[in-house]
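The following note comments on selected local features of the model. Please read each point alongside the sequence and the coordinates.

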Amino acid sequence: MKILAVLIVLLTTFLSAYAQDAQTITVTVSNATSNTGTIKFGLHNKDTFMRKNPIQVAESKIEDGKCKIVFENVRAGEYAITCFHDKNSNGKMDFQSNGMPLEDYGASNNVMNFGPPQYDDAKFTITDKDVSLD
């Protein structure tokens, strides 16, 4: 019984320490072209950027061209966020046969380039404070 009590105390201590080091990232999109479908978000590091397996994912309905999501328990480090407007609610970004996107998309820092977003343009750093991106 003493071992169980010690394990519970250690686990509680670890979880509370972890929670204190984790931050939130709030992302607001305010220029969706319609309220149809949803906006899907991916939180990435350099290794996952523009790949199918983000660190975290989120999705939001659109009201009056706006939506907001929150990524929770984000550890300090360098990240980037991608999003796209899934207008037809099929769960994926749709493209023309020539590779041009059929649905609107964006990345953190709002850098507009020809071609897909680049990690170095979209990256930002999390330290010891929550972050809000508009």
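1. In strand β4, V70 is the bridge partner of T26. Strands are DSSP runs of E with at least two residues, and helices are runs of H or I with at least four residues, each numbered from the N terminus. The model is predicted: local features need pLDDT of at least 70, side-chain atom pairs count only at pLDDT 80 or more, and totals for chains, interfaces and linings use all residues. Residues are numbered from 1 along each chain as its sequence is written, and side-chain values use heavy atoms, without hydrogens and water.

2. Strands β1 (residues 23–29) and β4 run antiparallel and are joined by six bridges; two strands pair if DSSP finds at least two bridges between them. An open sheet of three strands has the order β4-β1-β8, with mixed pairing. Its edge strands, β4 (67–74) and β8 (131–133), each pair on one side only.

3. I81 belongs to strand β5 (residues 77–86). I81 has a relative accessible area of 4% and is therefore buried (under 20%; exposed is over 50% and partly exposed in between, with a 1.4 Å probe and protein chains only). Leaving aside neighbours within four places in sequence, I81 is in contact (heavy atoms within 4.5 Å) with residues including I25, V27, F71, S108, F124 and L133. The C-alpha atoms of I81 and F124 are 9.1 Å apart, although 43 residues separate them along the chain.

4. S108 sits in the loop between β6 (105–107) and α2 (119–122). S108 counts as buried because its relative accessibility is 8%. A polar atom of the S108 side chain lies 2.5 Å from the backbone oxygen of A122.

Definitions and conventions:
A polar contact is a pair of N or O atoms within 3.5 Å; within protein, one must be able to donate a hydrogen and the other to accept it, and residues adjacent in sequence count only if both atoms are side-chain atoms.
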